Amino acid sequence: EAGQTRTIRWVYPPGLKYGCVKIELLKGGQVNKTVAYARIGSGGHGSYVWKIPMNQAVGGDYSVRVTNIFPSATDTSNGYFDITAPSPPAISVVTPGGGEMWKKATLQTVRWTYTGNIGILVRIELLKDGIVYPCIPMWASAGFGGSGSYNYLIPFNAVPGGNYAIRITSVTYPAIMGVSDSFTISP
């Protein structure tokens with residue numbers, strides 16, 4: 001998927017201790033672009049972490065070629081792979097996952113996952129029957145690596161009962177949000 005990182009790995013004769021490799025992206029067997037020049041590695045193994053450009057053309061006939069500069073040696077990946085369009089940004093609330101009973105005036109860990117660029121901050125709101133509960137929304141870091149969490153204080157004045165939910169919304173892109181399944185607040 002464009003925008004994601006993948007590790008390109010290769011092996012080479014262990015007697016070769018120094019060198020540089022050229023890593024190329026091929027499309028239909030033809031050079032599409034040079035990905036990088038990298039150190040050969042150590043102990044017969046090398047790798048390079050590649051972030052696939054967001055604007056990389058979508059296709060199903062990509063391969064990778066790694067070429068040792070000196071002495072000259074080259075190899076191409078055994079099969080083709082696909083590059084797909086980036087997923088649209090999204091937020092999914094993991095916890096609460098539905099059915100929990102959280103006591104008012106307690107700290108509860110709210111967890112979420114996300115895809116794409118949702119910005120660096122999220123707003124956390126308590127909902128009752130789908131309506132924002134009259135309490136101060138919390139702001140938190142969006143997280144790192146596709147997930148985030150926040151210790152949320154259940155309001156002391158929350159009316160005990162069901163049909164509560166947590167909504168996580170991107171501060172930068174307010175159309176990107178996720179809502180948890182229903183949970184209950186107890187006295």
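Me: Why is Thr5 called partly exposed?
Reply: Thr5 has a relative accessible area of 43%. Buried means under 20% relative accessible area, exposed means over 50%, and partly exposed lies in between (1.4 Å probe, protein chains only). Thr5 at 43% therefore counts as partly exposed. The model is a predicted one, in which local features need pLDDT of at least 70 and side-chain atom pairs count only at pLDDT 80 or more, while totals for chains, interfaces and linings use all residues. Residues are numbered from 1 along each chain as its sequence is written, and side-chain values use heavy atoms, with hydrogens and water left out.

Me: Where does Thr5 lie, and what does Thr5 touch?
Reply: Thr5 lies in strand β1 (residues 5-11); strands (E, at least two residues) are DSSP runs numbered from the N terminus. Not counting residues up to four places away in sequence, Thr5 touches Val49, Trp50 and Lys51, where contact means heavy atoms within 4.5 Å. Thr5 and Lys103 are 41 Å apart in space, C-alpha to C-alpha, and 98 residues apart in sequence.

Me: What makes β2 and β3 antiparallel partners?
Reply: Two strands pair if DSSP finds at least two bridges between them. Eight bridges join β2 (residues 20-27) to β3 (residues 30-39), and the two strands run antiparallel. Lys27 has Gln30 in β3 as its bridge partner. The hairpin of β2 and β3 has two residues between the strands, and Gly28 there takes a positive phi near 60°.

Me: How do you know that Leu25 is buried?
Reply: The relative accessible area of Leu25 is 0%, so the residue counts as buried. Leu25 lies in strand β2. Leaving aside neighbours within four places in sequence, the contacts of Leu25 include Val35, Trp50, Tyr62, Phe81 and Ile83.

Me: Why is Asn68 called buried?
Reply: Asn68 has a relative accessible area of 7%, and is therefore buried. This residue belongs to strand β5. Among the contacts of Asn68, with neighbours within four places in sequence left aside, are Leu16, Cys20, Val21 and Ile40.

Me: How many aromatic pairs does a search of the whole structure find, and why is the pair of Tyr62 and Phe81 called stacked?
Reply: The search finds four aromatic pairs. The ring centres of Tyr62 and Phe81 are 6.2 Å apart and the planes stand at 25°, so this pair is stacked. Rings of Phe, Tyr and Trp (its six-membered ring) pair if their centres lie within 6.5 Å; planes under 30 degrees apart count as stacked, over 60 as edge-to-face and the rest as tilted. Tyr62 is in strand β5 (residues 59-68) and Phe81 in strand β7 (residues 81-83), so the pair ties together parts 19 residues apart in sequence. Tyr62 is buried, because its relative accessibility is 0%, whereas Phe81, at 26%, is partly exposed.

Me: What makes the pair of Tyr164 and Phe183 tilted?
Reply: The planes of Tyr164 and Phe183 are 35° apart and the centres 6.2 Å apart, which gives a tilted pair. Tyr164 in strand β15 (residues 161-170) and Phe183 in strand β17 (residues 183-186) are 19 residues apart, and the pair links distant parts of the chain. Both residues are buried. Together with Trp102 and Tyr133, Tyr164 and Phe183 form one aromatic cluster.

Me: How do you know that the charged end of Lys27 sits over the ring of Tyr62?
Reply: A charge sits over a ring if NZ of Lys or CZ of Arg is within 6 Å of the ring centre and within 35 degrees of the ring normal. The charged end of Lys27 is 4.8 Å from the centre of the Tyr62 ring and sits over that ring. Lys128 likewise lies over the face of Tyr164, at 4.8 Å from the ring centre.

Me: What makes a set of residues a nonpolar core, and which residues have the most contacts inside the largest one?
Reply: A nonpolar core is a set of buried Ala, Val, Leu, Ile, Met, Phe, Trp, Tyr and Cys residues joined through side-chain atoms within 4.5 Å. The largest has 22 residues, and those with the most contacts inside it are Ile91, Trp112, Val122, Ile124, Leu126, Ile166 and Ile168. A second, separate core of 17 residues includes Ala2, Ile23, Val35 and Tyr62.

Methods:
Helices (H or I, at least four residues) and strands (E, at least two) are DSSP runs, numbered from the N terminus.
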